[in-house]
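Hello,

Here is the structure we talked about, with the sequence alongside. My notes on what was found in it follow below.

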Amino acid sequence: MKTKMISQWIYGSTPWSAGYSVLAQSEGLKSSLTDAVLAFCENYDGQKYMLPLYHYNCCIYHIQKEVWVFMETFGGWKDQVGRDSRVIRNTLMDQETFEAIQGNPFLLSWVLPSISSYIPKKRNETKAIPGIPLESIQKKQANLWYKETQLFFRLFASLSVLEKQFLLSLQQKASPFSPCEIAVQKDASKLSRAIVYAIHKNKRMNYQIDSFSTNSQPVQGICFRFAPYCQEHQAMDSLVSTTKLDSKLGWEMATLVHSLPEPEAFYVMAKRYTKFSWIPYLALFILR
């Protein structure tokens with residue numbers, strides 16, 4: 001049986017590259033896939049004049065029906081003549097892999113090497129990136145979900161009141177990733193990551209989410225666009241439910257129960273809550 005591999009394709013401009021080019025890639029990627037990802041990256045770069053140069057942005061989308069791409073854009077780079085530049089890492093997964101990580105590619109960020117380790121030192125080089133066996137991710141999943149849980153609650157605490165209300169209201173929606181474009185004043189990548197974690201594990205299998213708008217195509221999912229360039233000018237507060245939601249321990253436990261896959265949910269709860277403080281919520285896990 002062929003081992004499932006998670007591949008990477010890195011594109012961008014650095015002090016060593018002559019303009020934007022492929023900086024590194026995993027072996028065995030079909031040209032039809034890399035061409036589709038390249039078109040997305042170039043379309044994003046073409047929109048540079050419309051977007052603030054955030055240090056980090058993320059986008060999750062799929063191509064060719066059953067191939068998912070987790071695109072991360074790293075700012076803070078300069079090209080060979082000193083202009084502001086970006087490096088874009090694209091992590092490619094098939095449907096089976098996407099389902100294995102329960103639709104949360106941020107789990108992979110705990111095992112992906114630093115982006116700087118794959119930047120070539122010469123402008124005519126393209127570094128080779130080893131593929132990541134899906135099996136190795138599956139063996140670590142419980143611990144990866146625990147790390148993501150710890151980060152999620154730190155991210156949640158750092159969100160504004162309005163962002164928290166928006167995330168909580170999304171949890172209640174039957175289709176939280178219906179097409180929606182939202183005007184924001186700042187980078188929404190933290191909110192994006194929190195949403196991916198918090199939404200019910202079954203619902204998050206059918207989404208595209210951007211921390212900003214990357215193309216001129218119709219919005220396919222939640223899209224955060226810098227306010228001056230938002231086509232719809234739809235404010236986040238207009239999408240917040242008027243129902244007051246409990247964001248204390250009951251909500252926290254519900255988030256853990258409904259967001260984490262079954263094998264990991266019990267592990268995360270047991271590790272997060274010491275002694276016997278989590279036992280009263282065991283019934284919620286068993287009877288969901």
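**Contacts and overall make-up**

Among contacts in the protein between residues at least 6 apart in sequence, 71% join residues at least 24 apart. Please keep in mind that this is a predicted model. The secondary structure consists of 8 helices and 10 strands. The protein has 288 residues, and 50% of them are buried.

In soluble globular proteins, nonpolar side chains tend to be buried together. Here the largest nonpolar core has 54 residues, and the members that touch the most others are Phe166, Leu167, Ile195 and Phe224. Helix H3, residues 134-158, gives this core its largest share, 7 residues. Leaving aside residues up to four places away in sequence, Ile195 is in contact with Phe166, Leu167, Leu170, Phe177, Ile209 and Phe224. There is also a second, separate core of 16 residues, with Tyr11, Tyr44, Ile63 and Phe212 among them.

Beyond residues up to four places away in sequence, Thr149 touches Tyr197, Leu256, Leu260, Val268 and Arg272. Between Thr149 and Ala198 the C-alpha to C-alpha distance is 9.5 Å, while the two are 49 residues apart in sequence.

Leu155 also lies in H3, and at 11% relative accessibility it counts as buried. Again not counting residues up to four places away in sequence, the contacts of Leu155 are Lys190, Arg193 and Ala194. Leu155 and Arg193 are 8.4 Å apart in space, C-alpha to C-alpha, and 38 residues apart in sequence.

Val268, one of the residues touched by Thr149, belongs to helix H7, residues 262-272, whose buried residues are Glu264, Ala265, Val268 and Met269. These four are on the same side of H7, because they cover an arc of only 130° around the axis.

**Aromatic pairs**

How many aromatic pairs are there? The count comes to 14. One of them joins Phe152 and Trp251: the ring centres are 6.2 Å apart and the planes are at 40°, so the pair is tilted. Phe152 lies in helix H3 and Trp251 in helix H6, residues 249-259, so this pair ties together parts that are 99 residues apart in sequence. Both partners are buried, Phe152 with a relative accessible area of 1% and Trp251 at 9% relative accessibility.

Trp251 also forms an aromatic pair with Phe153, and this one is edge-to-face, with 6.3 Å centre to centre and 85° between the planes. Phe153 is in helix H3 and Trp251 in helix H6, so here the parts tied together are 98 residues apart in sequence. Phe153 is buried, with a relative accessible area of 12%.

**Cysteines**

The count of disulfides comes to 0.

**A backbone angle to look at**

Most residues other than glycine have a negative phi. Gln102 has a positive phi of about 55° although it is not a glycine. Gln102 lies in the loop between helix H2, residues 95-100, and strand E6, residues 127-129.

Regards

Note on methods:
Residues are numbered from 1 along each chain as its sequence is written. This is a predicted model: local features need pLDDT of at least 70, side-chain atom pairs count only at pLDDT 80 or more; totals for chains, interfaces and linings use all residues. Side-chain values use heavy atoms; hydrogens and water are left out. Helices (H or I, at least four residues) and strands (E, at least two) are DSSP runs, numbered from the N terminus. Buried means under 20% relative accessible area, exposed over 50%, partly exposed in between (1.4 Å probe, protein chains only). Contact means heavy atoms within 4.5 Å. The arc is that of the directions from the helix axis to the C-beta atoms. A nonpolar core is a set of buried Ala, Val, Leu, Ile, Met, Phe, Trp, Tyr and Cys residues joined through side-chain atoms within 4.5 Å. A disulfide is a pair of cysteine sulfur atoms within 2.5 Å. Rings of Phe, Tyr and Trp (its six-membered ring) pair if their centres lie within 6.5 Å; planes under 30 degrees apart count as stacked, over 60 as edge-to-face and the rest as tilted.
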